[in-house]
Amino acid sequence: TFLLSTYYNVIMSWALFYFISSFSYTLPWEHCNNEWNTPQCKPIKEDINSTEYKHVTNLEPTANVEEFDNSHSSTQEFYDRRILNISSGIDDMGDFNLELFGLLLVAWILVYFCIWKGVKATGKVVYFTVTIPYLLLIIFTIRGVSRRRQGTQGI
């Protein structure tokens, strides 16, 4: 169970990293002008008026979409190059990521405090963690449907 807990806490530290990163004014994975991006980066938000966008969305058979075959999305590069710090190969170990290590410690501390009170207190938390996602889904669905312009563009 220790290996499974370690695996779970690593994923939890990635989620915490995304959660903390999402508090910035512009999301770091929206654009490709960060220090970890490569020249093959393609932003997830493109300017609709740009010629590249018109060229790719052209539905005529003459449209050349092959120019983006080697591109990577900005979200994938954020995960690979910012969070994981993937190195060039197996012979290059890369740097130690102190941010992820700190978040891994936070994840272990959260697990400790969940187990500290025992099963009775944890059972009460389960009622909240099971019902709140359904409640949020209902709220977000009602909010999405009730929007005037964007409701017609599709659920």
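Start by selecting Trp108. Leaving out residues up to four places away in sequence, Trp108 touches Phe2, Ser5, Thr6 and Asn9; a contact here means heavy atoms within 4.5 Å. Trp108 sits in helix 4. Helices (H or I, at least four residues) and strands (E, at least two) are DSSP runs, numbered from the N terminus.

Is Trp108 buried, exposed or partly exposed? Its relative accessibility is 28%, so Trp108 counts as partly exposed. The cut-offs are under 20% relative accessible area for buried and over 50% for exposed, with partly exposed in between (1.4 Å probe, protein chains only).

A quick word on what you're looking at. This is a predicted model, in which local features need pLDDT of at least 70 and side-chain atom pairs count only at pLDDT 80 or more, while totals for chains, interfaces and linings use all residues. Residues are numbered from 1 along each chain as its sequence is written, and side-chain values use heavy atoms, with hydrogens and water left out.

Zoom out to the whole chain. Of the 155 residues, 16% count as buried. Take the contacts with a separation of 6 or more: 63% of them are between residues 24 or more positions apart.

Next, select residues 2-21, which is helix 1. Its 20 residues reach 28 Å from the first C-alpha to the last, close to the 28 Å expected at 1.5 Å a residue (the expected span is 1.5 Å times one less than the number of residues). Which residues of helix 1 are buried? They are Asn9, Met12, Ser13, Leu16, Phe17 and Ser21. What covers them includes helix 3 (74-83) and helix 4 (98-116), so let's visit both.

Show helix 1 with helix 4. They pack at an angle of about 120 degrees, with their axes 8 Å apart. Axes are lines fitted to C-alpha atoms, for helices over the stretch in contact, and angles run from 0 to 180 degrees between N-to-C directions. That angle makes helix 1 oblique to helix 4. Under 35 degrees counts as roughly parallel, over 145 as roughly antiparallel, 65 to 115 as roughly perpendicular and the rest as oblique. Color the contact residues: among them are Phe2, Asn9 and Phe17 of helix 1, and Leu103, Ala107 and Trp108 of helix 4. By class, this contact has 15 nonpolar, four polar and one charged residues. Ala, Val, Leu, Ile, Met, Phe, Trp, Tyr, Cys and Pro count as nonpolar, Asp, Glu, Lys and Arg as charged, and the others, Gly among them, as polar.

Helix 1 and helix 3 pack at about 115 degrees, with their axes 12 Å apart. The two are therefore roughly perpendicular to each other. Trp14, Phe17, Tyr18 and Ser21 of helix 1 meet Thr75, Phe78, Tyr79, Arg82 and Ile83 of helix 3. This contact has six nonpolar, two polar and one charged residues.

Last stop: Asn85, in the loop between helix 3 and helix 4. Most residues other than glycine have a negative phi. Phi of Asn85, though, is near 50 degrees, a positive value in a residue other than glycine. At 32% relative accessibility, Asn85 counts as partly exposed.
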